[in-house]
Amino acid sequence: WKQLQATVGFSYIGRYNSLSADKQYKNDNLPAFVWGTEINSNIMYTCKKAGTSFSLFYKYTGKRPGYQLTQVNNKEVVQLTKMSDFNWADFTVSNNIIKYLTLSCGVKNIFNVNDVSNTSSSGGIHSSAGAVQVSYGRSYFFSLAFQWNRK
């Protein structure tokens, strides 16, 4: 619409649960897939006279369920786990300096998401109990891009 562009996306993602195929756990009625939701949006506004564009990217990642094996009373059992949901956003400003040169700057991970809580229990060397690191945090960037097209 005029100088404004917007997109919205929705995903319902299934992740295979390998424990569902294990005959040892067939009585647990485990689903073959566990499902999670993702929603994303991208909004861009362009000032044609100045050759400048402003872009905002947003993504919501819903709770991610999973299954793990754990010990309860010296017996191995299957347990449902969940990684918490989180929000992510990036912002970029770009300006065409000359015909072939574009200057961009912005911020990634505006909400400074580092760790996401996880209900997985501890107990082994490969345990992922507690928080799961999903990013190194907020960052800022600056770029100068040269693009030359020969026709």
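Visitor: Is tyrosine 12 buried or exposed?
Guide: Please keep in mind throughout that this is a predicted model. The relative accessible area of tyrosine 12 is 52%, and a residue counts as exposed when this value is over 50%. Tyrosine 12 is therefore exposed.

Visitor: Which kind of aromatic pair do tyrosine 12 and tryptophan 35 form?
Guide: A pair of aromatic rings is described by the distance of the centres and the angle of the planes. For tyrosine 12 and tryptophan 35 the centres are 5.1 Å apart and the planes are at 10°, and planes under 30 degrees apart count as stacked. The partners come from distant parts of the chain, with tyrosine 12 in strand β1 and tryptophan 35 in strand β2, 23 residues apart. The pair is stacked.

Visitor: What kind of pair do phenylalanine 33 and tryptophan 35 form?
Guide: Their ring centres lie 6.1 Å apart, which is within the 6.5 Å required for a pair. Phenylalanine 33 is partly exposed at 41% relative accessibility, and tryptophan 35 is partly exposed at 42%. Because the planes meet at 40°, the pair is tilted.

Visitor: Which residues are linked into a cluster by ring pairs?
Guide: The structure holds four aromatic pairs. Two of the residues already discussed, Tyr12 and Trp35, belong to the cluster.

Visitor: In what order do the strands of the open sheet lie?
Guide: The open sheet has six strands with antiparallel pairing. Its edge strands are β1 (4–16) and β10 (139–146), each of which pairs on one side only, and the twist averages 15° from one strand to the next. The order is β1-β2-β3-β6-β7-β10.

Visitor: Which residue of β7 is the bridge partner of valine 93?
Guide: Strands β6 (residues 86–98) and β7 (residues 101–108) run antiparallel and are joined by seven bridges. The partner of valine 93 in β7 is cysteine 105.

Key:
Residues are numbered from 1 along each chain as its sequence is written. This is a predicted model: local features need pLDDT of at least 70, side-chain atom pairs count only at pLDDT 80 or more; totals for chains, interfaces and linings use all residues. Side-chain values use heavy atoms; hydrogens and water are left out. Two strands pair if DSSP finds at least two bridges between them. Helices (H or I, at least four residues) and strands (E, at least two) are DSSP runs, numbered from the N terminus. Axes are lines fitted to C-alpha atoms, for helices over the stretch in contact, and angles run from 0 to 180 degrees between N-to-C directions. Rings of Phe, Tyr and Trp (its six-membered ring) pair if their centres lie within 6.5 Å; planes under 30 degrees apart count as stacked, over 60 as edge-to-face and the rest as tilted. Buried means under 20% relative accessible area, exposed over 50%, partly exposed in between (1.4 Å probe, protein chains only).
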